[in-house]
Amino acid sequence: MACLLETPIRMSVLSEVTASSRHYVDRLFDPDPQKVLQGVIDMKNAVIGNNKQKANLIVLGAVPRLLYLLQQETSSTELKTECAVVLGSLAMGTENNVKSLLDCHIIPALLQGLLSPDLKFIEACLRCLRTVFTSPVTPEELLYTGPDHQTILFNHGAVQNIAHLLTSVSYKVRMQALKCFSVLAFENPQVSMTLVNVLVDGELLPQIFVKMLQRDKPIEMQLTSAKCLTYMCRAGAIRTDDNCIVLKTLPCLVRMCSKERLLEERVEGAETLAYLIEPDVELQRIASITDHLIAMLADYFKYPSSVSAITDIKRLDHDLKHAHELRQAAFKLYASLGANDEDIRKKIIETENMMDRIVTGLSESSVKVRLAAVRCLHSLSRSVQQLRTSFQDHAVWKPLMKVLQNAPDEILVVASSMLCNLLLEFSPSKEPILESGAVELLCGLTQSENPALRVNGIWALMNMAFQAEQKIKADILRSLSTEQLFRLLSDSDLNVLMKTLGLLRNLLSTRPHIDKIMSTHGKQIMQAVTLILEGEHNIEVKEQTLCILANIADGTTAKELIMTNDDILQKIKYYMGHSHIKLQLAAMFCISNLIWNEEEGSQERQDKLREMGIVDILHKLSQSPDSNLCDKAKTALQQYLA
């Protein structure tokens, strides 16, 4: 297992590597287990308080070997314990040491060690884990959001063993048990469903959590209990309309957002509340009218306070440190509050300087704040009214396009989703966005390895093409290229395929546009349509493809591409007799457009289709129990009689 250190440090350290350092590592490979054990013990003594020695040993490859010995079933428990101790000592060195340990996948190895029956070994693993996770370079999600780790703990009786600790006389023990439950329940339906039914001294766990979030309990306990109930609710174990959520958890989290709370508590309260209400419109409405929450959140943007007004340097440092966290939390909560309700969005936008604050947030140095600001804007952009007013007044599209030029994928996904809304036909931002080079940018997104970006890129192009001028449609086709269009039509992601078909349908609308596009790209488009109708696709994909054919059939000259393609005609006939109504109706639209007798050449087309047996099928469909299909068939038959 490779374990590399950053090049600059490695070069400086390598020049000072001593023979004794190599000797310590060499002893780890001795065939005699006792000599290996003694070697690890000697190594432990050598690295204590000696950062240079720690760096030497890491460069020489000690970490992969120590992890190997720690995980080997043939290793004695004593050897495993000493290995964990040495690794913990190495983690106490520089941040680069911790990065090297993470690169060698130390965390899964240590978590596996927690399954051991030996308490000393478990303790050594826990101490090392604690050291690693207290380092600022370690991503918390490596532990907290790892379903595999949650499952390991769950399968080995963590819930039952920890539950009784909630009644401990020691506050510290109760809190650690509570924190453990919040970690176990996070995005884990299996654990959450189990927690709902766990009894502790005759009381169900949710009832205990509710007691722990009462006002007379310490704030830390209130917050953590609210987290447990929030995570269980989001995992589907507790209903969103349950009293313990509506009357207890939600009000508790709103309280945590007030000025009276410490900055850290306000951040945690707002982020947890945002997560709780994110998918539920009723909770969003309740939260929006609880304790003037929307106005309360505006205060999150007033940090750091004026430097001249603060004489306490520690207070200033504290405010500066938490300023970006507060803004991030506020943006997140505003995004959740405004996700579904038009009135709530209006209240948010009318809050003092809110649009200016969000626009400013788009260019913040902190990636997390930028992401939260984009999410907030995306949520508000779902409002037709706001797209026409506030978004236009603040020219939101300008900073958004700037964000899209160069940002991490997580920001690009949300920003491109928002762009989809700004490109809807009623949005005043659509034209300036087009003029700023959006077509090329979006076509570029369709080539991303990230399926969410491909979806958003093609979705935005689909919106752009809706009722667009011929020039815009031509620009899209030219920038996208036929080759890329084919790649998207064979994309493994269903959403990408559906949005690409939607784009084609929007491009092929308005008769002159249909004829123009089919005159230059007809052969390739007909080939794509054939492939999809022959492929293993679901009803929605086939329906959308038949609707594209119906649009082509509406063209003046384009319809000849269908009439001269017997393979396509047979497919339309097949889908007229399909068992699914949606596909029958879509096929009927094709036929209706082909036989409409007010158009030139209709008699010849009718005759050819009659020879194929289409009229017989129309007679049969005119007796259909489905009124829509029946009416369409009768209307089509009238074209033959006229």
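Figure 1. Buried means under 20% relative accessible area, exposed over 50%, and partly exposed in between (1.4 Å probe, protein chains only). Beyond its neighbours within four places in sequence, F181 is in contact (heavy atoms within 4.5 Å) with V159, I162, A163, L166, L195, L205, F209 and C228. In soluble globular proteins, nonpolar side chains tend to be buried together.

**Figure 2. Helices α3 and α4.** Helix α3 spans residues 33–47 and helix α4 residues 51–59. Helices (H or I, at least four residues) are DSSP runs, numbered from the N terminus. The axes of α3 and α4 lie 8 Å apart, at an angle of about 135°. That makes α3 oblique to α4. Axes are lines fitted to C-alpha atoms, for helices over the stretch in contact, and angles run from 0 to 180 degrees between N-to-C directions. Angles under 35 degrees count as roughly parallel, over 145 as roughly antiparallel, 65 to 115 as roughly perpendicular and the rest as oblique. M43, A46 and V47 of α3 meet Q53, K54 and L57 of α4. By class, this contact has four nonpolar, one polar and one charged residues. Ala, Val, Leu, Ile, Met, Phe, Trp, Tyr, Cys and Pro count as nonpolar, Asp, Glu, Lys and Arg as charged, and the others, Gly among them, as polar.

**Figure 3. Helix α5.** Helix α5 covers residues 62–71. Eight of its ten residues are buried, so α5 is largely enclosed by the rest of the structure. The buried residues are A62, V63, P64, R65, L66, L67, L69 and L70.

**Figure 4. Helices α36 and α39.** Helix α36 (residues 539–553) packs against helix α39 (residues 581–595) at about 10°. Their axes are 8 Å apart. The two helices are therefore roughly parallel. From α36, I539, E540, K542, E543, L546, C547, L549, A550 and A553 take part. They meet K582, L583, A586, A587, F589, C590, N593 and L594 of α39. The contact divides into twelve nonpolar, one polar and four charged residues.

**Figure 5. E364 in a loop.** E364 lies in the loop between α23 (354–361) and α24 (367–380). E364 is buried, with a relative accessible area of 16%. Beyond its neighbours within four places in sequence, E364 is in contact with R327, V369 and R370. H324 is 40 residues from E364 in sequence and 8.9 Å away in space, C-alpha to C-alpha.

Figure 6. T482 is found in helix α33 (residues 482–489). At 18% relative accessibility, T482 counts as buried. D409 lies in helix α28 (residues 409–422). At 37% relative accessibility, D409 counts as partly exposed.

**Notes.** Residues are numbered from 1 along each chain as its sequence is written, and side-chain values use heavy atoms, with hydrogens and water left out. In this predicted model, local features need pLDDT of at least 70 and side-chain atom pairs count only at pLDDT 80 or more, while totals for chains, interfaces and linings use all residues.
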